[in-house]
Structure formats: C-alpha cells, structure tokens
Amino acid sequence: MLCYSSALFIILVGAVLAQIDVNQALNQNKLDVGSSVLNDVELEKTFPRTNLSRMRSALHSLRQNWSAKLQAMPARNYESGGGGNQGADGGVQQPQPLREKPRDRIKTEGDTLHQVNKAAGLNDILYQGDMVLTDEQIGTILEAQKDGSTENEARKRRQAYRDRYYPSTIWGNSVYYYYDRTASEYRLPSVLFYDSHHIYIYSAPKIVKAFEQAVAFWSNVTCINIYQSSTALNRIRVFKGQGCYSYVGRISGVQDLSLGTGCEEFGTAAHELGHALGFFHTQSRYDRDNYISINYANIDPSFVEQFDKESSSTNYNYGMPYDYGSIMQYGASSASSNDKATMVARDAEYQDTMGSDFVSFYDISMMNEHYKCKELCPNATSAQCTNGGFPSPRNCQICICPSGYGGSLCEQRPPGCGEDLTATDAWQTVQKTLGDGLPVLRDNHTLCHYWVRAPEGQAVEIRISGLTTVTIDGCIFGGIELKTNKDQKLTGYRYCSSADQNTVHRSSGSLVPIVMFNRYASTRATLDYRAVTPSATDSTSPDATTFAPVVSSCQDLHPNCGFYEFFGMCRLRRIKKICQFTCRDCSNRNRNRNHNNNNNNSRNNSNRNNNNNNNSNNNYNPFGPVPFWHSFSAYQ
C-alpha cells in the first residue's frame with residue numbers, strides 16, 4: 001500500500017511539473033514568429049499606407065517638442081507632498097504619498113501593450129505607442145510642429161474621440177473585418193492528454209478567440225454591427241504582426257489591426273478595436289493635467305510622444321469625466337525607462353487603476369454617443385435606469401449598467417458569486433479567494449460581486465485587511481475594486497498589492513459595490529466594513545492606521561505551496577517562482593528585480609525585506625489549507 005501511495009504521489013507531482021513546464025513553454029513564446037526587429041523593407045510591407053520617412057520625422061519633431069514642454073512643467077511628485085488636487089469626482093483631494101509597489105512579471109514577451117511594442121522595436125513608427133497614422137495625419141502633425149504651437153488651428157487634425165471629418169470617419173452601423181492567415185496559423189494549446197510517452201495537444205486559434213471576444217463585447221453594448229467579411233470595401237484586416245497596433249477610425253479601404261505575440265488577449269483586442277472604432281487614448285485628453293501628472297524623468301526618451309495632449313479646441317469627450325479605469329488609459333508605468341511611474345494620479349488611490357483590461361462604463365457610454373446609439377431609445381418609452389445606467393440600444397427595455405450593478409434597471413447586485421452584506425456600527429469581515437492557484441493565464445476574469453449596505457442616512461467604511469495577488473499596472477491579473485465614489489458611473493478604486501493593506505475608504509452614499517476579480521493564479525482579499533455617520537472623520541482613527549502596510553509583493557501564487565515545502569520541493573526553481581513566500585525566496589526575487597536600480601533603492605528594498613522577515617508572524621497568511629488533489633480539477 002505504501003509503495004502504491006508513493007507511486008501515485010510521484011505520478012501526481014510529475015503531472016504538476018509537466019503542466020508547469022508546458023505553461024512556461026507557452027509563456028516563452030515557442031510559437032512566436034520571431035522577436036527580431038523589422039527592417040525598413042519589411043516595415044514598408046507592413047505599413048503600406050504610411051510614409052515611414054515622414055512618420056519618423058514627425059515623431060522625432062513631436063518628441064523634441066514634448067520633451068521641452070514636459071521638462072518645463074513644475075515637478076509634481078506626490079511622494080514628496082504638495083498642494084491640493086482635483087479628484088475623480090471633481091473635488092479637491094489632498095496629495096497622498098505613493099506606496100511603493102514592486103511590479104510582478106508574468107509573461108516573458110511583456111505583460112503590457114507598451115512592453116510588447118517596445119520589444120518589437122516599433123517605437124519610431126507608431127504614434128503614442130500603438131497607433132498607425134495615414135499620410136494625411138502625418139502631414140497635419142508636421143504642420144502643427146511647423147507652426148510651433150499645439151493650441152493653434154493646425155491641431156484640428158484630430159480630436160481624442162472625434163476629428164474634423166466626423167462623422168465620415170466612423171463606420172456607420174456596420175463594421176467589417178476579416179482574418180489574415182497569420183491570425184489562425186498560431187494557436188494556443190488548451191487541452192492536454194497524457195500517456196506514458198507523449199503530451200497530445202488540442203489547440204484553438206488564440207488571436208481569433210481574443211478578437212471575437214472584443215467584437216462580441218462592443219457589439220453587445222452598442223448599436224454597432226460588426227461582421228466578418230473579406231470582400232467588404234472598407235474592412236479591418238486582423239493579423240499577427242510584430243506588436244499591437246491599429247489605425248484610428250475608418251480610413252477607407254483595408255486597414256490593419258495587429259495582435260502579435262503578447263497581444264492576443266481580450267483587453268488588448270478591445271483596446272485596439274476601440275482605436276479602429278474611433279477612440280484615442282484617455283491620457284491625451286486636453287484636461288488630463290487635472291487628473292494625472294507626468295514624471296518626465298522616468299520616461300523612455302523614445303516614447304515621449306505618448307504623452308502628447310490635445311487642446312480644448314480639438315478635444316471632444318461628450319461631456320464625460322476622466323475615468324482612470326478606461327480601456328484606453330495606459331498604465332502608470334507605461335513608457336518607463338526604470339519601471340517607475342511615468343503618470344501619477346492626482347487621487348493617488350487610483351494609481352493602480354490605470355491600465356485596465358476592463359472596458360469601463362464611460363467607455364461604453366462614450367462609444368454609444370460617438371455612434372449616436374442612444375438616439376435609438378427615446379426616454380419616454382425606454383427603461384428608466386437607476387444608478388447611472390442607460391437603455392441598451394439592442395433592447396431599450398433593459399439597461400447597460402456601471403460595474404458592480406446588474407438587473408434590468410441596474411437596481412440589483414449582478415448575479416453569481418458574491419453576497420449582500422449589511423453594515424452595522426461594529427466592524428465585520430468578509431474574506432474570499434478567487435482562482436485555482438495555478439500559474440496559468442486564463443482567457444477571462446472570474447468575478448465576484450458584493451454589496452455592502454449601511455442604514456439609510458449612513459455611510460459605509462471599508463478597510464483592506466489583507467490582499468494577496470499579482471501586482472501590476474491596471475491590476476490586469478486580479479484584484480479588488482471598491483466603488484465608494486459619489487459618481488457610481490466611474491470606475492472604482494482598484495487594488496492588487498499587499499502594500500495596500502489597511503487602506504480605508506468611506507462611501508458617499510449608503511451602498512458600496514465591491515468587485516473581486518482574477519484570471520491568473522489566485523486573488524485573496526480580506527475586507528472589514530462598518531456603518532458610520534457621513535459627517536464623521538477618521539483621519540486620526542487608530543482603526544485606519546493600526547498596522548503599517550506590508551510593502552512587498554512577495555507572495556504565493558499556488559494554494560499548495562505548503563505541501564511543496566513539506567516534501568522539499570522548494571529547491572526547484574519552478575516551485576520557488578510560484579511559492580516565493582513559503583519557500584522564503586523573497587530576498588533573491590527583490591535583488592533580481594532591483595539589479596539595475598541605484599544603490600539607494602537597493603538598500604531600501606533590502607531593509608524592507610528584512611523588516612518583513614522580522615515581522616513574518618504578523619503578515620497576511622496568503623492561503624488556507626487546500627487539498628492537494630484540487631489542483632487537478634481544471635484538467636480532469
């Protein structure tokens with residue numbers, strides 16, 4: 001019996017390690033078409049409608065212009081404090097120090113659009129990191145630079161969401177696309193069959209899957225009909241190029257949209273399709289300086305034009321506020337030369353919300369305005385939506401709702417995982433773990449919705465007591481969203497770092513929707529909540545500052561790390577990667593991450609790790625006991 005058990009154990013462990021090997025192979029781009037930078041001949045074939053020489057000249061001029069502008073701006077670094085700031089709701093926010101949050105790395109080809117395109121060497125031919133420009137658009141950029149001003153009439157070349165040719169630049173009610181053969185040739189292994197000699201792989205197209213999800217999403221929440229056709233006069237060619245990029249709006253004829261290696265995910269596909277439908281980047285809005293500041297010292301010089309900004313005469317945002325959680329907003333460390341923040345949210349609690357993989361409610365609302373979809377639902381005969389929702393142009397009797405709200409009138413908690421919680425004067429706790437713990441990047445997020453409600457006339461106070469997940473811009477792999485804003489249509493505050501432990505928020509109303517999400521390994525959160533009087537302040541309350549935040553992203557990404565440690569498997573590199581906390585590999589991890597940082601930062605990180613180790617008994621326990629065999633449920 002003992003021999004049988006030992007043999008079974010060896011088989012199970014072998015299967016786990018084999019699966020990890022497969023996942024590592026996938027993340028190492030075994031199916032990549034090549035990581036070399038394209039030469040000019042290849043670039044001319046890739047961008048047949050772009051004059052490469054003029055494009056490079058325009059971007060060079062733009063970079064020089066914005067380098068001078070950004071260097072001349074007064075430094076705004078909230079790590080050192082300063083004056084009051086305008087928050088997401090338009091109110092004054094006091095500056096808050098940025099919590100140090102070392103970023104995790106999951107995919108070798110890059111976790112963000114900027115990382116992927118930088119590796120592909122496309123920074124000198126793409127505008128703002130991922131947009132292809134036509135010759136006419138290049139001409140207007142050169143014209144604007146010649147005039148020497150970004151506020152003059154020459155800048156009417158474009159607007160963030162609506163240019164001077166609108167509505168001829170939108171697609172009307174129908175958008176057409178087709179897949180180049182490269183989009184279906186490269187496939188993602190998805191189902192594994194083991195025997196004693198081989199691993200059999202059944203595969204599905206990865207690019208097609210991601211783009212179809214983006215098509216379905218934008219179609220479902222707007223009146224835009226998006227059809228597949230290889231013969232339509234005006235159509236989008238979806239293909240596997242080097243990097244992620246698209247033209248902006250309809251440019252007539254065939255226009256390219258690339259989802260290269262590292263781009264084949266819903267968030268990136270929805271972002272690029274957003275460009276093709278007519279959206280520019282959120283950080284280029286003319287009013288962006290009211291919401292973010294730019295840290296010029298941290299910007300990669302070859303990406304300075306990413307921070308080009310519109311003027312009030314050319315920017316049209318349909319009267320909608322700045323949403324840090326927009327799918328068109330780049331991450332806080334985008335275009336960074338040193339992994340530090342290039343954009344700092346004026347409301348510092350929004351720092352990790354930037355770079356989202358979710359399409360925000362204001363993105364949806366703006367796209368419906370852009371294509372005049374809201375005109376299809378007269379107010380008198382359409383659903384009377386609550387909590388900021390609006391009638392769906394697909395069915396005027398049901399509503400499209402902000403995140404955290406559901407039901408036909410946005411009056412209910414979304415169905416599925418989660419629960420309704422009632423806040424009282426005493427602190428109560430809710431704890432939840434999402435994800436199976438396996439280091440596998442799933443196609444979609446698993447969501448869990450909670451509603452915390454205080455008695456009428458009272459507010460809800462939320463405290464993050466513990467949080468363990470992957471730390472990255474936009475919290476794209478997992479985290480929590482707290483909707484304490486007065487404007488419930490805005491994206492809430494998103495968190496995905498243990499450094500956010502003991503953060504406290506108070507709601508503007510008596511209801512706080514909480515969204516928990518995960519698509520890689522697992523996310524575990526412990527939240528405390530209570531009812532308070534709206535006029536009370538808690539700035540000096542010991543409840544908000546009982547413990548210092550844990551400034552470390554060293555954590556376990558698998559629920560069975562204790563099992564691996566017990567059997568001495570921490571000596572294996574692949575196990576240490578997913579069980580850094582249990583295997584006590586935090587110091588090595590931080591040394592590797594900070595190898596290129598200055599000595600002061602290295603000393604600070606070392607001191608922080610030592611403090612964390614000395615106080616390990618007080619640290620948040622990342623996982624409870626989980627049976628070993630649960631790991632295999634996804635493959636049975």
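This is a predicted model: local features need pLDDT of at least 70, side-chain atom pairs count only at pLDDT 80 or more; totals for chains, interfaces and linings use all residues.

User: Is Ser334 buried or exposed?

Analyst: Look at the relative accessible area. Buried means under 20%. Ser334 has 7%, so Ser334 is buried.

User: Which residues does Ser334 touch, leaving out those up to four places away in sequence?

Analyst: Ser334 touches His114, Gln306, Phe307, Thr342, Met343 and Asp473. Take Gln306 as an example. Ser334 and Gln306 are 28 residues apart in sequence, and their C-alpha atoms are 9.1 Å apart in space.

User: What do burial and contacts look like over the protein chain?

Analyst: The protein chain has 636 residues, and 57% of them are buried. Now take contacts between residues at least 6 apart in sequence: 75% of these join residues at least 24 apart. The secondary structure comes to 13 helices and 22 strands.

User: Let's turn to helices. At what angle do the axes of helix 7 and helix 8 cross?

Analyst: Read two values for a helix pair: the distance between axes and the angle. Helix 7 (residues 206-221) and helix 8 (residues 266-277) have axes that come within 8 Å and cross at roughly 55°. The two helices are therefore oblique to each other. The crossing is right-handed.

User: Which residues make that contact?

Analyst: Helix 7 contributes Ala210, Phe211, Gln213, Ala214, Val215, Phe217 and Trp218. Helix 8 contributes Phe266, Ala269, Ala270, Leu273, Gly274 and Leu277. Next, sort them by class. This contact has 11 nonpolar residues, two polar and no charged ones.

User: And how do helix 7 and helix 9 pack?

Analyst: The axes of helix 7 and helix 9 are 10 Å apart, at an angle of about 65°. Angles of 65 to 115 degrees count as roughly perpendicular. That makes helix 7 roughly perpendicular to helix 9. The crossing of helix 7 and helix 9 is right-handed.

User: Which residues of helix 7 and helix 9 are in contact?

Analyst: On helix 7 they are Phe217, Trp218 and Val221. On helix 9 they are Asp363, Ile364, Met367 and Asn368. By class, the contact of helix 7 with helix 9 has five nonpolar residues, one polar and one charged.

User: How many residues of helix 9 are buried?

Analyst: To judge a helix, count its buried residues. Helix 9 (residues 361-370) is mostly covered, with nine of its 10 residues buried. The buried residues are Phe361, Tyr362, Asp363, Ile364, Ser365, Met366, Met367, Asn368 and His370.

User: What covers the buried residues of helix 9?

Analyst: The cover includes helix 7, helix 8, strand 12 (390-392) and strand 13 (395-400). Look past the end of the helix too. Helix 9 is followed by Lys372, whose phi is positive, near 60°.

User: Now the cysteines. How many disulfides are there?

Analyst: A disulfide is a covalent bond between the sulfur atoms of two cysteines. In a model, look for a pair of cysteine sulfur atoms within 2.5 Å. The count comes to eight disulfides.

User: Which parts does the pair Cys377 and Cys396 tie together?

Analyst: First check the bond. Cys377 and Cys396 form a disulfide with sulfur atoms 2.0 Å apart. The link is left-handed, with -80° about the S-S bond. Cys377 lies in the loop between helix 9 and strand 12 and Cys396 in strand 13, so the pair ties together parts 19 residues apart in sequence. Cys377 is buried at 11% relative accessible area. Cys396 is buried too, at 18%.

User: Where do Cys475 and Cys496 lie?

Analyst: A disulfide joins Cys475 to Cys496, S to S 2.3 Å. This pair links distant parts of the chain, 21 residues apart. Cys475 is in the loop between strand 17 (459-468) and strand 18 (478-482). Cys496 is in the loop between strand 19 (493-495) and strand 20 (504-506). The link of Cys475 and Cys496 is left-handed, with -80° about the S-S bond. Cys475 is buried, at 0% relative accessible area. Cys496 also counts as buried, at 0%.

User: How far apart are the sulfur atoms of Cys401 and Cys410?

Analyst: They are 2.1 Å apart, and the pair forms a disulfide. The link of Cys401 and Cys410 is left-handed, with -95° about the S-S bond. Cys401 counts as buried at 19% relative accessibility. Cys410 is buried at 0%.

Terms used. Residues are numbered from 1 along each chain as its sequence is written. Side-chain values use heavy atoms; hydrogens and water are left out. Axes are lines fitted to C-alpha atoms, for helices over the stretch in contact, and angles run from 0 to 180 degrees between N-to-C directions. Helices (H or I, at least four residues) and strands (E, at least two) are DSSP runs, numbered from the N terminus. Angles under 35 degrees count as roughly parallel, over 145 as roughly antiparallel, 65 to 115 as roughly perpendicular and the rest as oblique. A crossing is left-handed if the near helix is turned anticlockwise from the far one by less than a right angle, and right-handed if clockwise. Contact means heavy atoms within 4.5 Å. Ala, Val, Leu, Ile, Met, Phe, Trp, Tyr, Cys and Pro count as nonpolar, Asp, Glu, Lys and Arg as charged, and the others, Gly among them, as polar. Buried means under 20% relative accessible area, exposed over 50%, partly exposed in between (1.4 Å probe, protein chains only).
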